[in-house]
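Hello,

Here is the structure I promised to pass on to you. Please open it beside this email, and then read on for what turned up in it.

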Amino acid sequence: MSAIPNVLAERYASQAIRNIWSAEGRIILEREFWIAVMKAQKELGLDIPQEAIDAYESVKDQVNLSAIMERERITRHDVKARIEEFCDLAGHEHIHKGMTSRDLTENVEQLQVYRSLLILRDKTVATLAKINERAQQWEGLLITGRTHNVAAQPTTFGKRIAMFGEELLGSLSSLNHHVETYAVRGLKGAVGTQMDQISLFNGDLAKVDALESGISKHLGIPEKFDNVGQVYPRSLDFRTVSVLTDLAAGPSSFSRTLRLMAGNETASEGFAKGQTGSSAMPHKMNSRSCERVNGFQTILKGYLAMASGLAGDQWNEGDVSCSVVRRVMLPDAFYACDGMFETFLTILNQMDAYPAVIEAETEHYLPFLMTTTIMMEAVKAGVGRETAHKVIKEHAVATVSDLRTRTVRQNDLLRRLADDQRIPLTGEQLSALLEEGRQNAGSARSQVAAFNKSVSAWTAKFPNAATYEPGSIL
């Protein structure tokens, strides 16, 4: 019978993440962990022959998933099946001494999580570097800023990009903190008291502590829990999936906005040679990669709901009700987040803006975009703020109505305001304000410069990460 594929892994995630979470990759990590424990136990005085360790080393990469599954059908215990398989391959029975299943699975799963977090940190830095490039490229390209998707005030395309980039900067800070404070369960035994390891070492607590410290060093994880039961707190998984969901938020909002801009033909995610937008409509150039990024964010929110269901649901020293959830949630959340970055990096590489269309849109809306500035100038000239607001609104609404019905063909709001005695500004003054608006988008440019400074600090800290390029996406 053919295997059922994991779509997130096979279609979207990179090879680096798939290697960490694949069935074969996990078994090899488990075997390396067992070997590390044996070596540490031998160094601390347990009677483990070197030839046994060498034998295990020699067969650790011989992974037969079918054979392990056949054993599990008999044992009804996945770890016991993997112990038996590894011991039969090596011809010895020295692994897993003083350990419970969770001494193995918890630590190995945490190693998978930690290594995956490091990969995603690199990709986040690379993404910020590319966002910064685009923000600098278009830092002065004036566009119609929109709130509620309605024309509001002038901004620049670079500022809009930097706005979403700064959201990702905050997510990177959270990710980095999570990485630097991530704690491993360690070798704590069946209920967290290390009773069996203490028995192995004849009550020598110093050796037990040395063993756990050595294993933590092998894993390379920065912190270690002191007080856990059979499992580490599932709130840690919740924080992990929360970080992944947070990482996708900025790119998802960016992608949704780019989809809206594509609909107005002011920008696009790009269109590869040979690409087809629609099987029915030859002219279509859909924002399918941006849509995919939005889809990944939805998926991650689903896994976050699963993680929240496990946090705060731990019984006594532990149970396995979380097992089936975590088997799905943890790898798939990393596949989704990794696929999101691969897709979003591709968008950043290929996207484009169309200044001529943007300028035409700006010319259409600019008098409306300057109404707050006009109102402030009227106030300075002695008009009450609410009176100025009322008059400008009256003429703006009438202008919009006339444009929609084609009563007028061009936006003549400034003429209407100049003819109204309630607004003490001349046509020349209003035209000057409009011209200033063509050149001025408030502090947009300086904000882009500030974003550049923040990103540069991260790329200097992780220079190799900043040069990462995505693989080919479907």
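Let me begin with a term: a nonpolar core is a set of buried Ala, Val, Leu, Ile, Met, Phe, Trp, Tyr and Cys residues joined through side-chain atoms within 4.5 Å. Buried means under 20% relative accessible area, exposed means over 50%, and partly exposed is in between (1.4 Å probe, protein chains only).

Two notes before the findings. This is a predicted model, where local features need pLDDT of at least 70 and side-chain atom pairs count only at pLDDT 80 or more, while totals for chains, interfaces and linings use all residues. Residues are numbered from 1 along each chain as its sequence is written, and side-chain values use heavy atoms, with hydrogens and water left out.

**The cores**

The largest nonpolar core has 104 residues, and the members that touch the most others are F33, F157, I215 and L244. Take F157: setting aside neighbours within four places in sequence, F157 is in contact (heavy atoms within 4.5 Å) with W138, L141, I143, M261, A267, M351 and A353. There is also a second, separate core of 22 residues, with F368, M375, V391 and L425 among them. In soluble globular proteins, nonpolar side chains tend to be buried together.

**The cysteines**

How many disulfides does the structure hold? Zero, where a disulfide is a pair of cysteine sulfur atoms within 2.5 Å. For C290, the nearest cysteine sulfur is that of C337, 17 Å away. C290 counts as buried because its relative accessibility is 0%. C337 is likewise buried, because its relative accessibility is 0%.

**A hairpin**

Helices (H or I, at least four residues) and strands (E, at least two) are DSSP runs, numbered from the N terminus. Strands β1 (residues 142-147) and β2 (residues 150-156) run antiparallel and are joined by five bridges; two strands pair if DSSP finds at least two bridges between them. T147 has V150 as its bridge partner in β2, and R146 has A151. The two strands form a hairpin with two residues between them, and H148 in the turn has a positive phi of about 60°.

N149 sits in the loop between β1 and β2, and its phi is also positive, near 65°. N149 is partly exposed because its relative accessible area is 42%. Another case is R406, in the loop between α16 (385-404) and α17 (413-418). R406 is not a glycine, yet has a positive phi of about 65°. R406 counts as exposed because its relative accessibility is 52%. Most residues other than glycine have a negative phi.

**The largest pocket**

Which helix gives the most to the lining? That is α13, with eight residues.

**One serine to look at**

S174 is in helix α8 (residues 157-181). S174 and S242 are 68 residues apart in sequence, but 9.7 Å apart in space, C-alpha to C-alpha. Not counting residues up to four places away in sequence, S174 touches V243 and D246.

Happy exploring!
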